[in-house]
Amino acid sequence: MSIYPAYPAPSDRAVELHARLTEFVQTQVLPGEPAYHSFRAERGHDDHTVPPVVEELKAKARAQGLWNLFLPSESGLTQLEYATLAELTGWSNNLAPEALNCQAPDTGNMELLHLFGTEEQRERWLRPLLDGEIRSGFAMTEPAVASSDATNIESSIVRDGDEYVLNGRKWFTSGASDPRCRVLILMGKTDPEAARHRQQSMVIVPIDTPGVRVERSVTVFGQQHQPGHAVTVFEDVRVPVTNLLGEEGGGFACAQARLGPGRIHHVMRALGAGERALAMMVARAKERVAFGKPLAEQGALRERIAESRVELQQARGLCHQAAYVIDSEGNKAARHLVAAAKVAVPRIVTGVIDRAIQVHGGLGVTDDTPLADMWGWHRAMRIFDGPDEVHLASLARAELDAEPTFRV
Ligand SMILES: Cc1cc2nc3c(=O)[nH]c(=O)nc-3n(C[C@H](O)[C@H](O)[C@H](O)COP(=O)(O)OP(=O)(O)OC[C@H]3O[C@@H](n4cnc5c(N)ncnc54)[C@H](O)[C@@H]3O)c2cc1C
């Protein structure tokens, strides 16, 4: 083992994609944001219609080869290379990831189908997802139980001849309210008597199967996101046994595999949001004059700008190290670094966004800038894909088991 990591140089392709994506975000994505927001405002708060600019951007990005970059087998990129690209998409989280077909939760679902799907399942669901023709949801969390502990999940998957019968009530099924959503991956229990981590299985459920009901979509700090975070009910839903994903009892292992890359991809994008907040903070501080001089000349504010740079650099270092270890040693070896990044980066980024809000004064708390929405999403990130405490608990376990460099 080396005493410090030596990152491989990025491939020519990664460098070229970075330049192309930078141009794309600047000239296509950021100018598309007003159309996205005015369309949604016109339709009303609870409407989930897809603003036309989304599909327009998808067509443009795909034509430029900016497509499915998240999946190494499709893109040929390492996670470290992808980190630099995902960060650029984080500047415009509502638009850029989807423009490139790199948006959660579809990316995690595609990874699941890629890793565990049969040929038939891949043909029916993975292909159209990779082509950006449909969207999908992942239905694990349940309102009735503490779902940060996935062994608590209560939804039942009962075999009846050649079918499974599904019953359960889920919420936060992101994407299920999107009119393009065609399929859900449900996590439930096939054998409540089995060992704790062998009770769960995952089943593919076409959203139009009788008994599936999307009741409503919950808000995130008052924002109703276009794809929605749905309360989804399954009542005597019947699917063929061939819809099982992976093996019976393998749901917990599948969930771990899904969340590994998913978590670090959220972290990569979060860095872009932090950079955008810092850029907005600097621009506002230069132009806004208070008490006779620009805000940028006030000492306290300069310190906040500098602190933000220090913290974002720290956050990026941790994220890149985790990505590098995934590349060089695999998901398992990287799990503690990923957990550390998942805790540290959203905290840092919400802090930077909070400072940017403060510099914008009253404007900062309105929806006339993206800052309030950005803060809400990254605050929520400290809960989804595992609350901070769950990651800290596993980090503490590893630390307590570790041998120190010297005995003290
Ligand atoms: C915006 C958003 C999108 C989401 N998208 C999806 C999705 O697509 N699909 C899906 O299935 N779910 C999704 N979720 C749900 C998310 O994964 C869960 O909210 C998360 O796993 C926590 O589960 P819970 O809400 O049941 O909280 P609980 O399990 O009830 O935990 C509550 C709190 O208890 C504390 N806690 C928990 N465990 C420990 C511990 N070991 N030590 C100390 N404290 C602890 C933490 O502070 C935690 O926040 C989404 C959530 C949000 C906010």
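In this predicted model, the axes of helix α4 (residues 79–89) and helix α9 (residues 299–329) come within 7 Å of each other and cross at roughly 145 degrees, where an axis is a line fitted to C-alpha atoms, for helices over the stretch in contact, and angles run from 0 to 180 degrees between N-to-C directions. Helices (H or I, at least four residues) and strands (E, at least two) are DSSP runs, numbered from the N terminus. Residues Q79, L80 and A83 of α4 meet C319, H320, A323, Y324, I326 and D327 of α9, two residues being in contact if their C-beta atoms, placed from the backbone, lie within 7 Å. By class, this contact of α4 with α9 has six nonpolar, two polar and one charged residues; Ala, Val, Leu, Ile, Met, Phe, Trp, Tyr, Cys and Pro count as nonpolar, Asp, Glu, Lys and Arg as charged, and the others, Gly among them, as polar. Residues are numbered from 1 along each chain as its sequence is written. Because the model is predicted, local features need pLDDT of at least 70 and side-chain atom pairs count only at pLDDT 80 or more, whereas totals for chains, interfaces and linings use all residues.

The protein chain is assigned domain 1 (12–116), domain 2 (134–249) and domain 3 (253–401), with bounds that come from an automatic or database domain assignment. The C-alpha centres of domain 1 and domain 2 lie 26 Å apart, and their contact takes 13 residues from domain 1 and 17 residues from domain 2. On the domain 1 side, the largest share, five residues, comes from helix α6 (residues 106–116).

Around the ligand there are 20 residues, of which M140, A146, S148, S174 and E389 come nearest; a residue is near a molecule if its C-beta atom, placed from the backbone, lies within 6 Å of it. This shell divides into 13 nonpolar, six polar and one charged residues. Domain 2 and domain 3 both give residues to the shell, so the ligand lies between them.

Seven of the 10 residues of helix α11 (residues 371–380) are buried, so this helix is largely enclosed by the rest of the structure. A residue is buried if 20 or more other C-beta atoms lie within 10 Å of its own, exposed if 12 or fewer, and partly exposed in between, with C-beta atoms placed from the backbone. The buried residues of α11 are L371, A372, D373, M374, W375, W377 and H378, and what covers them includes α8 (251–287) and α10 (331–359).
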